[in-house]
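I opened this model to look up a few strands, a helix and some charged pairs. My notes follow in the order I took them.

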Amino acid sequence: MGKKIKKEVEPPPKDVFDPLTIEIKKAATVVLMLNSPEEEILAKACEAIYKFALKGEENKATLLELGAVEPLTKLLTHKDKVVRRNATMIFGILTSNSDVKKLLRELEVMNSVIAQLAPEEEVVIHEFASLCLANMSVEYTGKVQIFEHGGLKPLIRLLSSPDPDVKKNSIECIYNLVQDFQCRTTLQELNAIPPILELLKSEYPIIQLLALKTLGVITCDKESRTMLKDNQGLDQLTKILEAKELNDLHVEALSVIANCLEDMDTMVLMQQTGDLKKLLSFAENSTIPDIQKNAAKAITKAAYDPKNRKFFHEQEVEKCLVTLLGSDSEETKIAAAQAISAMSENSSSKDFFNTQGIPQIVQLLRSDNEEVREAAALALANLTTRSPANANAAAEADAIAPLINILSSKRDGAIANAATVLTNMAIQEPLRSVIQSHEVMHALLGPLHSTNTVVQSTAAFTVAATACDMEARNELRNCGGLEPLTELLHSKNDEVRRNASWAVMVCASDELTAVELYRLGALDILEEINLSVSRKNKFSEAAYNKLLNNNLSLKYSQTGYLSSSNIITDGFYDCGRKNPGTKLLPLKELCLQELNDHRAILLVNSKFDTFHFSAGFGSPTEEKSEPTSGRNTVLSRGAAKEKGSRYVADKMGGKISKEKLSDFSWELHISELKFQLKSNVIPIGYIKKGIFYHRALLFKALADKIGVGCCLVRGEYSRAWNEVRLLNEARKGIIGRLPPPEEYIVDLMFHPGALLKLGSREADLYRFL
């Protein structure tokens with residue numbers, strides 16, 4: 001054998017750089033390495049950055065400042081799997097920083113991240129890509145980008161991943177996405193319910209909890225509830241409730257069941273399986289506030305259906321709810337009160353709460369928690385609606401004072417509910433008096449100024465219910481409540497406008513309030529409303545008429561007509577016909593005006609003008625002392641001869657023939673009176689020479705005092721006349737034969753005391769003249 005010869009080693013190529021190991025201690029240097037073309041350097045740089053980012057939020061902010069994010073986004077689509085994996089891991093960590101998320105949204109890298117969810121990618125890439133999406137989905141814009149780039153479908157597929165971290169990240173992202181309605185709809189189309197239900201069997205509580213939270217959101221939609229039921233989801237939820245070791249999931253499980261109970265078929269199914277009875281028992285016996293709260297919410301949702309309410313009543317759910325009212329948890333109290341509100345639609349339940357429930361609810365009205373007070377007021381509102389017994393029970397439990405206090409709440413719902421209860425109470429006169437004694441009109445001032453239409457509507461309704469007495473109307477007027485009430489007539493909301501009209505109608509029941517409402521423009525607004533077919537309502541028409549009928553000076557000025565039921569009293573004044581667009585001034589202002597050459601204002605006031613009124617035409621006492629026949633002979637020619645000294649025509653210039661009417665110098669007489677009194681307002685009793693409208697007004701005023709039914713009608717050219725209707729009773733004692741009871745005009749000018757049948761040629765001529 002020959003001797004072995006050692007083989008010589010070939011030298012490296014001259015154009016290759018020898019390997020160099022460098023210890024890098026600056027993050028900035030590593031960031032610079034992200035622009036290297038070498039895959040190995042990129043992979044190691046990403047690995048170093050990942051470890052650096054894991055150490056805390058400050059490091060993430062540092063990487064952002066050093067400009068690491070933008071070059072890293074390019075590595076998400078790198079051809080080398082290791083580089084791509086490491087870059088994805090970095091973004092899974094970095095996206096917990098809000099500034100990083102903002103930059104990523106601007107760089108529009110969502111497609112690149114979602115691409116990492118492809119089935120062929122490694123599990124570790126799935127883990128960190130899904131983590132990145134979960135972080136990005138916390139904010140609205142991130143949700144939109146994930147959804148618009150088709151991220152929902154691969155996330156649903158990853159719910160079946162063998163890796164628990166991938167499942168957790170994916171369901172967390174889906175939970176964030178389904179807060180949006182459009183995402184929920186797409187979720188149904190992608191048949192996501194089965195894989196989500198499968199997560200309930202996970203050994204990891206966080207995955208189970210996120211799955212339940214997601215189901216709690218998506219089962220707000222009926223289609224999802226149907227899919228859950230069809231996939232035996234209710235069975236799984238019930239099993240969770242029955243498992244004591246899963247008590248940390250009971251709250252969310254109950255929330256899903258509560259949603260499902262909105263469907264009648266689900267309710268029936270749970271009744272048949274006995275699960276519903278288990279639910280009620282669970283609610284009553286649990287000591288965990290959140291479980292009690294969600295159980296009460298489940299009852300609330302189910303109780304919107306009449307059949308469910310009947311079943312609940314048969315199971316004596318009312319006792320359970322009253323027990324929950326005493327919970328230490330404010331949220332449980334709120335949920336229990338809301339459940340009672342729903343159950344009160346059942347008349348038997350409403351009766352039950354009369355003695356057990358209402359006292360406890362009234363106690364909640366005094367809570368420091370405004371949400372509790374609102375829920376309690378809602379329960380009372382429903383319990384007292386169409387139930388005088390419950391309204392009395394609430395009053396006996398001293399509910400009135402706290403309800404009035406709630407009218408100054410910052411929560412619109414609480415105000416509206418409290419106002420509704422007070423309205424329900426005020427229907428009964430004894431309770432209305434108690435409510436009025438608490439200065440309810442002052443308390444309603446704030447709600448009447450509200451911008452919330454529900455509050456406006458209920459406040460106006462409460463005014464209508466409580467302003468039935470003079471004292472209440474005076475209080476409302478004096479505290480300035482008529483002004484906002486009048487403003488509500490302008491509302492575009494039909495219910496607000498209707499209730500405001502109703503309240504104005506009630507408030508216009510006395511002259512002082514009617515005059516003030518007119519001054520505030522209520523009559524003009526109502527007139528405008530009533531001209532609109534779409535805006536008018538029966539109360540707007542009634543309020544308009546009520547305002548006129550309780551302000552007869554205005555009514556006569558505006559319409560030129562007073563019916564026999566419009567009784568003239570002291571203080572009535574006639575300014576003549578009101579021109580369109582002008583306001584009728586109050587009598588006080590008219591009395592203060594300087595003398596002018598306008599038509600004199602006629603005043604009816606027997607107290608102010610006692611001498612002239614009683615001496616000239618007989619006092620009210622004298623008139624009332626006349627026998628029946630004497631009272632009615634004022635309408636008869638024969639009686640005119642008997643008692644001519646007591647007649648209107650005789651005291652205002654007597655009989656004037658048509659030929660001599662132009663020579664009757666009544667204008668001069670009126671001018672002299674104005675000068676003597678130094679006023680444009682003349683008491684009617686001072687007039688000794690009066691023409692048609694003077695005589696007709698005085699006749700109406702006297703007829704109203706002695707109980708003779710009489711109308712006052714204004715014509716053209718200073719004409720006016722009285723119309724009377726003779727009934728059989730009124731005809732007794734009248735001399736001569738008269739036709740059957742009909743309407744007549746009383747002639748006070750040409751043939752004083754004569755009756756002209758309405759519609760006759762002579763009556764038409766009389767009106768024309």
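**Strand β3.** I started with strand β3, residues 601-604. I601 and L603 point one way, while L602 and V604 point the other way. All four are buried. I keep in mind that this is a predicted model.

I then looked for the neighbours of β3. β2 and β3 run antiparallel and are joined by three bridges. On that side, F572 has V604 as its bridge partner in β3. Strand β4, residues 681-683, is also joined to β3 by three bridges, but here the strands run parallel. In this pairing L603 stands opposite P683 of β4.

**Strand β5.** Next I asked how many residues of β5 are buried. The count is five of the five, so β5 is largely enclosed by the rest of the structure. I checked the faces one by one. C710, L712 and R714 sit on one side, C711 and V713 on the other, and all are buried. I noted the arginine R714 in that list of buried residues.

β5 pairs with strand β1, residues 561-562, in the antiparallel sense over two bridges. L562 stands opposite L712 there. β5 also pairs with β6, again antiparallel, over five bridges. In that pairing V713 stands opposite W721 of β6.

The hairpin of β5 and β6 has five residues between the strands. Y717 in this hairpin takes a positive phi near 55 degrees.

**R577 and E716.** The side chains of R577 and E716 meet in a salt bridge, 3.8 Å from N to O. R577 lies in the loop between β2 (572-574) and α40 (587-592), and E716 in the loop between β5 (710-714) and β6 (720-725), so the pair ties together parts that are 139 residues apart in sequence. R577 is partly exposed at 43% relative accessibility. E716 is partly exposed too, at 49%.

**Other salt bridges.** I wanted the total, and the count comes to 33 salt bridges. I followed up some of them.

E122 and R85 meet through their side chains at 3.9 Å, N to O. E122 lies in the loop between α7 (110-115) and α8 (123-136) and R85 in helix α5 (residues 81-94), so this pair ties together parts 37 residues apart in sequence. E122 is partly exposed, with a relative accessible area of 27%. R85 is partly exposed at 24%.

K60 and E57 form a salt bridge in which the closest N and O atoms are 2.9 Å apart. Why are K60 and E57 separated by about one helical turn? They are separated this way because they are three residues apart in helix α3, residues 57-65. The general rule is that an α-helix has 3.6 residues a turn, so residues three or four places apart point the same way. Which of the pair is buried? K60 is buried at 8% relative accessible area, whereas E57 is partly exposed at 43%.

I also found a network: K222, R225 and D263 are linked by salt bridges.

**Helix α37.** I turned to helix α37, residues 522-530. A522, L523, I525, L526, I529 and N530 are buried. Seen down the axis of α37, these residues fall within an arc of 160 degrees, so they line one face of the helix. What do they pack against? The partners are α34 (482-487), α35 (494-507), α36 (511-519), α38 (538-549) and α39 (552-559).

**Two single residues.** I49 lies in helix α2, residues 39-54. I49 is buried, at 2% relative accessibility. Beyond its sequence neighbours up to four places away, I49 touches V30, L34, L63 and I90.

R373 is in helix α26, residues 370-384. Is this arginine R373 buried or exposed? At 16% relative accessibility R373 counts as buried, because the cut-off is under 20%. Not counting residues up to four places away in sequence, R373 touches L364, L365, S367, D368 and I406.

Definitions and conventions: Residues numbered from 1 in each chain as written. Predicted model: local features only at pLDDT ≥ 70, side-chain atom pairs only at ≥ 80, totals over all residues. Heavy atoms only, no water. Buried < 20%, exposed > 50% of the residue type's maximum accessible area, 1.4 Å probe, protein only. Contact = heavy atoms within 4.5 Å. Salt bridge = Lys/Arg side-chain N within 4 Å of Asp/Glu carboxyl O. Arc of directions from axis to C-beta. Pairing = 2+ DSSP bridges.
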